[in-house]
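Please examine the sequence and the model shown below.

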Amino acid sequence: MATLLDLHDAGVIRRVEAELPGRAQDERLIYIYPKVAERIENEIAELHSIFEHEIDPIEQLFVFIGEFCSGDPLIYERQIWSLNNLGDGIWELKTRDLRLFGWFPVRDCFVCAAIDQATRVKELNLYGPYAQECVRHRDALDLDEPKFLVGDYPNAVLSNFTYPAP
Amino acid sequence: MPSFRISLTPHRKAAARFVNLVHRALQRAYADHPEISQTEIANTIGVHRSVINRQLRGYKDMSLGRVAEISNLLGYVPCFELKKIEEAAGCNARPEPAALNPVTIVVGTAVPMPVAQALPFANAISAATGTSQKMAAVL
């Protein structure tokens, strides 16, 4: 059985570097599968936002990773949510144009097994398939048990997840 | 295995961070004032509620003026400050000033030509310096 760090060292997953500005330190972690890294570099990096927005999807992802890893809230009261529970411990993290799918093996640590454009996920209803793909990856991962946190609400997997604080 | 880092130019990182900073500040202000609705904001500004909704959620760009309008209606004054990159960096980040690359813009085909032909006052310069130079015609 391995820890997340063992799996990172073995190349099974890669830790994402948040490049936090100033004197900020990481308070949360994100790991991604190598194929997610490939998709980000080869596909996501070439996309433009479908919305009337000057910030491209890859730039949205950069900012989102910074917010996540800095420990900032991901939910702002009154309809502004950046994450969604898909059940069976699988979570969907959101930017305007992207959707990340994965799970939390420990609090404040997200393992991303899939990433795709939001429009594609919605049009083809890929929530179920991506959730199942994440479960398959999770089951195959040589990770110490328990492999994921249970809980339907964000406070089960994240600290400081909402503004204002509950 | 090395960590994964998203590859972006420093100036695009700066743009993305700043836009997000403004959005989050407005979202916090909006969350702090449940007595003010998006409809009220929209009606006062003179746009449809959906416009304010998309702008507050970050799905639509906002002009600087719109940022100030929404801030004002939520009871705030937006402030803006420029910090030198060296001052903004801390022990966790390397300063990332954007390299300003001087660009030579050539319209059409660049043709080497004598200085006298390229610049009307070049004769005076070359006479003064005692040198003759050839340079590509640039705009």
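This is a predicted model: local features need pLDDT of at least 70, side-chain atom pairs count only at pLDDT 80 or more; totals for chains, interfaces and linings use all residues.

The cover over the buried residues of helix H5 of chain A includes helix H2, strand S5 (83-87), strand S6 (90-94), strand S7 (98-106), strand S8 (109-117) and helix H4 (118-123) of that chain. Which residues of H5(A) are buried? They are Tyr130(A), Ala131(A), Glu133(A), Cys134(A), Val135(A) and Arg138(A). An α-helix has 3.6 residues a turn, so residues three or four places apart point the same way. H5(A) itself runs over residues 127-140, 14 residues in total. From its first C-alpha to its last it reaches 20 Å, close to the 20 Å expected at 1.5 Å a residue.

Chain B may be considered next. Its secondary structure consists of 7 helices and 2 strands, arranged along the sequence in the pattern α-α-α-α-α-β-α-α-β. Chain B has 139 residues, of which 29% count as buried. Among the contacts in chain B with a separation of 6 or more, 51% are accounted for by residues 24 or more positions apart.

The two chains meet in a contact that takes 43 residues from chain A and 39 residues from chain B. About 3,900 Å² is buried between them, with carbon and sulfur atoms giving 53% of that area. Polar interactions are also present: the interface holds 16 residue pairs in polar contact. On the chain A side, helix H1 (4-9), strand S1 (14-15), helix H2 (34-42) and helix H3 (57-70) each supply at least two residues. The largest share of that side, 7 residues, comes from H3(A). By class, the side of chain A that touches chain B comprises 20 nonpolar, 8 polar and 15 charged residues.

How many salt bridges are counted between chain A and chain B? The count is 5. Glu67(A) forms a salt bridge with Arg24(B), and the closest N and O atoms of this pair are 2.6 Å apart.

Is His53(A) buried or exposed? His53(A) is buried, because its relative accessible area is 8%, under the 20% cut-off. Leaving aside residues up to four places away in sequence, His53(A) touches Arg96(A) together with Val19(B), His23(B), Gly58(B), Tyr59(B), Lys60(B) and Asp61(B). A polar atom of the His53(A) side chain lies 3.3 Å from the backbone oxygen of Gly58(B).

Technical notes
Residues are numbered from 1 along each chain as its sequence is written. Chains are lettered from A and ligands numbered from 1 in the order in which they are written. Side-chain values use heavy atoms; hydrogens and water are left out. Contact means heavy atoms within 4.5 Å. Buried area is the accessible area (1.4 Å probe) that two parts lose on being put together, summed over both. A salt bridge is a side-chain nitrogen of Lys or Arg within 4 Å of a carboxyl oxygen of Asp or Glu. A polar contact is a pair of N or O atoms within 3.5 Å; within protein, one must be able to donate a hydrogen and the other to accept it, and residues adjacent in sequence count only if both atoms are side-chain atoms. Helices (H or I, at least four residues) and strands (E, at least two) are DSSP runs, numbered from the N terminus. Ala, Val, Leu, Ile, Met, Phe, Trp, Tyr, Cys and Pro count as nonpolar, Asp, Glu, Lys and Arg as charged, and the others, Gly among them, as polar. The expected span of a helix is 1.5 Å times one less than its number of residues. Buried means under 20% relative accessible area, exposed over 50%, partly exposed in between (1.4 Å probe, protein chains only).
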